[in-house]
Amino acid sequence: MSTRNTTLAVAVLLVAAVTTGCGGAVTTASNAKASGVYTQIAGLPKDQQRAKAQELAKKEGSTLSLYTSMTADIATPVADAFEKKYGIHVNVFRGNSETVLQRAMQEAQAGKAGADAVETNFLEMTALSDNKILADFNGSALDKVEPTGKFKNWTASRFNVFQPAWNTDLIKPGQEPHSWEDLALPKYKGKVTLEVSDSDWFENVTKYWLDHGKSQAEVDTLWKKIAANAKVAKGHTTMMQFLTAGQTPMEAMNYTYITDRAAEKGAPVTHLPKSGKSSIPAFGRPNGVGMIKDAQHPAAAWLFYDWLLTDGQKELVKLGLTPSTKVSGDKSLTGITLVPFDVKGLSKDDGSWDKKYDALLRGVASVGK
């Protein structure tokens with residue numbers, strides 16, 4: 001069911017083509033130009049870097065190419081806000097995270113970058129970094145990011161928070177789950193929806209249970225019971241459409257921002273009990289921003305990176321997302337207790353968690369069938 005492992009395997013093959021033969025990676029005039037710009041900005045005192053980047057961005061033509069897995073209703077206002085701030089026109093390529101990675105890697109192989117900056121899921125950002133596609137950033141914007149949000153060549157820009165969600169017309173107060181284990185209860189038979197690619201959620205819950213005293217046999221039994229209670233659907237936005245329409249009572253996991261935005265539009269959905277405080281440990285999966293090493297518009301890429309971690313964080317909060325820094329007025333984590341997300345483990349995974357999750361869902365019917 002999952003395509004992520006296949007896409008990452010393709011990325012590995014592509015980078016092998018890039019970095020073998022002729023003694024190393026493809027070298028282009030664009031690469032040399034971008035490297036010079038990044039070095040020039042990085043060599044300045046931090047309080048002078050932004051002004052220099054603005055000066056150089058004007059010489060580049062005040063254009064930025066952004067590759068992102070943000071949905072259109074997020075990517076468009078983010079791009080518009082950046083353009084309003086700096087007068088830099090943003091050309092946005094949108095796709096799922098695997099598509100963003102594959103396109104960036106294919107362009108690296110060809111020696112001609114189409115993107116200047118990338119903003120997507122942690123796994124794809126890690127792959128881009130490991131394959132030496134990203135440039136380093138040392139701006140003062142990093143000072144506001146917690147150490148857990150800083151990675152080699154990229155930085156967390158926002159978090160997708162994992163929590164169950166339910167339709168309040170179908171799951172009454174007091175009937176909602178209060179732990180991940182509750183999803184296995186017999187009373188939820190036929191009421192749970194699982195998303196077919198949520199192997200990262202599956203991995204984090206599994207490791208959380210193991211780290212908190214459960215045996216592997218107990219964990220396996222819980223997952224079998226959850227799968228027996230469930231049907232499957234593809235896409236978190238699609239799942240929320242089913243939930244808001246009352247076609248499904250509960251989702252084992254959806255991103256809290258999707259649930260919150262649906263609720264703000266009047267849908268009878270929530271991820272919080274009546275008390276307003278969830279007892280279910282919430283995993284915050286990072287999405288990150290990075291600059292392409294051989295960008296056509298490196299100064300603009302630097303400015304976008306810097307902006308997304310500063311003024312851009314406020315724009316993300318306006319859109320109901322969870323920022324990677326502390327922002328006044330942010331209520332996205334109200335009632336939620338975050339626990340560590342296993343970035344390191346999943347970044348090194350060889351696809352085994354995809355396979356385990358696919359095996360768990362084998363034979364589970366789809367919503368509507």
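Trainee: Is strand β6 (residues 154–167) buried or exposed?

Mentor: Buried means under 20% relative accessible area and exposed over 50%, with partly exposed in between, using a 1.4 Å probe and protein chains only. Of the 14 residues of strand β6, 14 are buried, so the strand is largely enclosed by the rest of the structure. This is a predicted model, in which local features need pLDDT of at least 70 and side-chain atom pairs count only at pLDDT 80 or more, while totals for chains, interfaces and linings use all residues. Residues are numbered from 1 along each chain as its sequence is written, and side-chain values use heavy atoms, with hydrogens and water left out.

Trainee: Which strands pair with β6 in the antiparallel sense, and over how many bridges?

Mentor: Strands (E, at least two residues) and helices (H or I, at least four) are DSSP runs numbered from the N terminus. Two strands pair if DSSP finds at least two bridges between them. Among the antiparallel partners of β6 are β11 (residues 282–292), over seven bridges, and β9 (residues 250–255), over four bridges. Within these pairings, Ala-156 has Gly-288 of β11 as its bridge partner, and Trp-166 stands opposite Met-250 in β9. Trp-166 also stands opposite Thr-270 in β10.

Trainee: How many residues lie between the strands in the hairpin of β5 and β6?

Mentor: Two residues lie between them, and Asn-153 in this hairpin takes a positive phi near 75°. Strand β5 (residues 150–151) pairs with β6 in the antiparallel sense over two bridges, and Trp-154 of β6 is the bridge partner of Phe-151.

Trainee: How many aromatic pairs are there?

Mentor: Rings of Phe, Tyr and Trp (its six-membered ring) pair if their centres lie within 6.5 Å; planes under 30 degrees apart count as stacked, over 60 as edge-to-face and the rest as tilted. By this rule the count comes to 20 aromatic pairs. In one of them, the ring centres of Phe-82 and Trp-307 are 5.5 Å apart and the planes stand at 65°, so the pair is edge-to-face. This pair links distant parts of the chain, with Phe-82 in helix α4 (residues 72–86) and Trp-307 in helix α11 (residues 298–308), 225 residues apart. Phe-82 is buried, with a relative accessible area of 0%, and Trp-307 is buried at 3%.

Trainee: Where does Arg-103 lie relative to Phe-93?

Mentor: A charge sits over a ring if NZ of Lys or CZ of Arg is within 6 Å of the ring centre and within 35 degrees of the ring normal. Arg-103 lies over the face of Phe-93, at 4.0 Å from the ring centre.
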